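Student: I would like to learn how to read surface features and charged contacts from a model. Can we work through a case?

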Amino acid sequence: MNDRDLRRLSRKQLLELLLQLTEKSEELQRQLHEANEKLKSRLVIKSEAGSIAEAALKLNGVFEAAENAAEQYLYNIKKFNDNQEALKKRFEEECLKRAKAMLAETTRLCKERENSSREKAKAIIAEAKKEARETEAEAAKKLAEIERLYKYVKNEKRKLQKANSDQNKNHG
């Protein structure tokens, strides 16, 4: 891109271009650094290697360190698993304890509600019996009144029939 092209770009476009170039520069710097590190590593290995025997001894040390690290790793895994088992057991015990407490509370509440319901039912039954007795007494009074009226009407009917019969005898 020449000067003329650069002058035509807006400030935002210039900043974006600058950002892209900066990122590319940083990537190239990182790659250069990695390449230098690899080169240093190879030079150190060549200078230290000396002979095959020395290299084998160094490898043995590496293997020993790797074996120790593996053993330490396995030990840590076992310890972690043991801790997890202990946590799991405590969690289960806590959950069981909570469940028992909740069950006891629920049982208590159910008994309270059952007793309350029984008391309410007894009160309702007592009130119903009272109303039934009152209704029965009222019905008995009305029945007695109806019987009295029935006897009265029957008696009056006989009187009328007798009066009609006496009147028919007198006219006839």
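**Charged pairs and a nonpolar patch**

Tutor: Lys78 has a relative accessible area of 51%, so this residue counts as exposed. Keep in mind that the model is predicted.

Student: Which residue forms a salt bridge with Lys78?

Tutor: The general idea is a distance test: a side-chain nitrogen of Lys or Arg has to be within 4 Å of a carboxyl oxygen of Asp or Glu. Here the partner of Lys78 is Asp82, with the closest N and O atoms 3.3 Å apart. Asp82 is partly exposed, at 41% relative accessible area.

Student: How many residues apart are Lys78 and Asp82 in helix 3?

Tutor: Four, so about one helical turn separates Lys78 from Asp82.

Student: How many salt bridges does the structure hold?

Tutor: Ten. One of them joins the side chains of Glu156 and Lys159, at 3.5 Å from N to O. Both residues lie in helix 3, three residues apart, about one turn of the helix. Glu156 is partly exposed at 28%, and Lys159 is partly exposed at 47%.

Student: Which residues make the nonpolar surface patch?

Tutor: Tyr73, Leu74 and Ile77 make a patch of about 320 Å². Leu74 is found in helix 3 (residues 52-171). With a relative accessible area of 55%, Leu74 is exposed, because the cut-off for exposed is over 50%.

Definitions and conventions
Residues numbered from 1 in each chain as written. Predicted model: local features only at pLDDT ≥ 70, side-chain atom pairs only at ≥ 80, totals over all residues. Heavy atoms only, no water. Patch = residues over 30% accessible without salt bridge, like charges linked within 9 Å, V, L, I, M, F, W, Y side chains within 5 Å. Areas by Shrake-Rupley, 256 points an atom, 1.4 Å probe, with all protein chains shown as cover. Helix = DSSP H or I, 4+ residues; strand = E, 2+ residues; numbered from the N terminus. Buried < 20%, exposed > 50% of the residue type's maximum accessible area, 1.4 Å probe, protein only.
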